[in-house]
Each structure stands twice: as structure tokens, then as C-alpha cells.
Amino acid sequence: MIEDTTKVVLITGASSGLGKRTAQYLAAKGMRVYGTARNATKHTPDASFELLSLDVTKPETITEAIAYIVNKEGRIDVLVNNAGMGITGPLEETPLEEIQKVFDVNLYGPLRMIQAVLPHMRAQAGGLVINITSIAGFMGLPFRGVYSATKGALELITETLRMETKSFGVKVTAIAPGDFATNIAAGRYHAPVKEGSAYQATYQSVLDGINGDVDQGEDPVLVAQKVYQVITKSQPKVRYAVGVFLQKLSLLLKKILPGNLFERLLLNHYKL
């Protein structure tokens, strides 16, 4: 009897954007894919994969979804922590409750998923966790500092988890996308541009630029292809960056340039 090597993949935030495109791509490659959305019934079913209701901020929904998959498939081979939300605003004027909400989704959400899935991966002596971070997570960007902080924190969690789970046969990696053409801007929290604020002109200018970059971003299939490549690698690297040349170049420049010089490049880029 030939052993079934088809991967069982769980992708959070798969109702749209990068998550949906990745789910479709992996399903087309023959993998058994389960995507999640906060309320799956609100979305038109996709014939290529099953969409489950799961909110990464609600542990009971995570437990239910994972139990469903394990009962049906007997295992979970790959977890793709993709669900996330954006946030923009001057740090001085961004409500703390909104900052906490984004950390809850972008950092604590993946941690909840990891803590729920790892016991199954350890029991099956193998698995792969892919954390979708961001190129923005490697640098403090003006008016995007909270988003950068959540993704930067997830990068460090990835580094730690790789070492802690290595002996169990569980592999961990991060994929850091740049700007891609998705609907993330529609779901992003924008601190309001306040009339008379000291940040009014600069924040509005940066906000216009951010929205324009997302609308003109790369095809999400590039991220889907990278996820597939990582799944099929025997020894994934710590992280992968996916984006246009200049975005990936910024990671190199951040490493090699003095801090003040790199800051000056960002100030020029954002016209501040």
C-alpha cells in the first residue's frame, strides 16, 4: 500500500486576500486545505477548500476547528498563521484599545493557534508552522509603528519556536510579504486624521501613499507560491521575504547602514 503523503494544511484568514489565494493554490497542488474566517457562513463557499469559522481571538473557536480537522483527517501537517489586521496612526493619537486589539489579532492570535496545534504535531512527530509576518516588521515605519511592532514580535516568536520545537520534528519559518494587492486596507484601523492636529498634514500624506501602495501591489499568488515552496522543502530557512526588489533591498540596507542613515532614507521616502 502506498503511503498517503498529501499534506493537511490549516490556513487562518482564508476568506480573502493572501490567505484565500494561498488556500486555492495549495488545493490545486493536491493538498487538503482548511481555511478559516471569523464567520464562514458570511462567505461564498470555494469549491477548492473548506472554510471553517474560527476567530483567532476566541480560544473556543480555535479548539472546535482543530478538533474538527483532526477528527476528519487524523492530523494537521501545516499551520499557516495568516490572519491579521492593519493599523495606522500617530502613536500619540492612536487609542490604546485599538493598539491592544491589533496585538490580540496579529501576535496573540498566532500564539493561540500555535499552542493549540503543537500538541498534535508533537504526537505525530512532525509538522510545519509558517508565520506570515511582513517586511514592515523589520523597521519602525512612520504612522505604521504598531503594525510593525506586531509583525516584528511575531518574527522573534518564530525564531524562538524553531529552537524549542526542533527536537520534536516540528519546523517553523516566517514569510514576510511586502505590499500585495489585497483588501487589507479596507479592514485596517485608521486613527482619524484630526483637524488641527500637529500630525494632520504628514499623517494624511503618508496615509494616501500607503493606500496607493497596497492598491498597486504585487499579485498575491507570489506569496502562495512561496508557501508551497516552503512546505515542500526538507529544511526551511528561518525566514523568507517576498516582494518587489526595493522592498527586499530595504531589509539589507537596514542591516548594513548606520541607524541614522537608514532613518534618513525612510524620512526621504515618506517625505517627512
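Which residues is Val129 in contact with, leaving aside its neighbours within four places in sequence? They are Leu79, Asn81, Ile114, Met121, Lys171, Val172 and Thr173, where contact means heavy atoms within 4.5 Å. Welcome to this predicted model, in which local features need pLDDT of at least 70, side-chain atom pairs count only at pLDDT 80 or more, and totals for chains, interfaces and linings use all residues. Residues are numbered from 1 along each chain as its sequence is written, and side-chain values use heavy atoms, with hydrogens and water left out. Helices (H or I, at least four residues) and strands (E, at least two) are DSSP runs, numbered from the N terminus.

**The sheet**

- An open sheet of 7 strands runs in the order E3-E2-E1-E4-E6-E7-E9, with parallel pairing; two strands pair if DSSP finds at least two bridges between them.
- At the edges are strand E3 (50–53) and strand E9 (239–242), each of which pairs on one side only.
- From one strand to the next, the twist averages 20°.

**Strand E4 and its partners**

- Strand E1 (residues 8–11) is joined to E4 by 3 bridges, and the two run parallel.
- Within that pairing, Val9 stands opposite Val78 in E4.
- E4 also pairs with strand E6 (residues 127–132), again in the parallel sense, over 4 bridges.
- Here Val78 stands opposite Leu128 in E6, while Leu79 has Val129 as its bridge partner in E6.
- Strand E4 (residues 78–81) is covered on both faces: Val78 and Val80 on one side and Leu79 and Asn81 on the other are all buried, meaning under 20% relative accessible area, with exposed being over 50% and partly exposed in between (1.4 Å probe, protein chains only).
- In a regular strand the side chains alternate between the two faces of the sheet.

**A closer look at Val129**

- Val129 lies in strand E6.
- Its relative accessibility is 1%, so Val129 counts as buried.
- Val129 and Gln229 are 100 residues apart in sequence, and their C-alpha atoms are 14 Å apart in space.

**Helix H4**

- Helix H4 (residues 145–165) has 21 residues, which at 1.5 Å a residue should span 30 Å, and its end C-alpha atoms are 30 Å apart, which agrees; the expected span is 1.5 Å times one less than the number of residues.
- The buried residues of H4 include Val146, Tyr147, Thr150, Leu154, Leu161 and Thr165.
- H4 lies across E6, strand E7 (170–177) and E9, and runs at about 160° to E7; axes are lines fitted to C-alpha atoms, for helices over the stretch in contact, and angles run from 0 to 180 degrees between N-to-C directions.

**Helices packed against each other**

- The axes of H3 and H4 come within 9 Å and cross at roughly 15°.
- That makes H3 roughly parallel to H4; angles under 35 degrees count as roughly parallel, over 145 as roughly antiparallel, 65 to 115 as roughly perpendicular and the rest as oblique.
- H3 and H4 cross in the right-handed sense; a crossing is right-handed if the near helix is turned clockwise from the far one by less than a right angle, and left-handed if anticlockwise.
- Among the residues that meet here are Ile99, Phe103, Leu107 and Ile114 in H3, and Val146, Thr150, Leu154 and Ile157 in H4.
- Helix H2 (residues 59–73) and helix H3 (residues 96–123) pack at an angle of about 30°, with their axes 10 Å apart.
- H2 and H3 are therefore roughly parallel to each other.
- Their contact is made by Pro59, Ile62, Ile66 and Val70 of H2 and Arg112, Met113, Ala116, Val117 and His120 of H3.
- Helix H1 (residues 17–28) and helix H7 (residues 221–231) have axes that come within 8 Å and cross at roughly 50°.
- That makes H1 oblique to H7, and the crossing of H1 and H7 is right-handed.

**A closer look at Ile62**

- Ile62 is found in helix H2, and at 2% relative accessibility Ile62 counts as buried.
- Not counting residues up to four places away in sequence, Ile62 touches Leu54, Asp55, Val56, Arg112, Met113 and Ala116.
- The C-alpha atoms of Ile62 and Gly109 are separated by 9.7 Å, with the two residues 47 apart along the chain.
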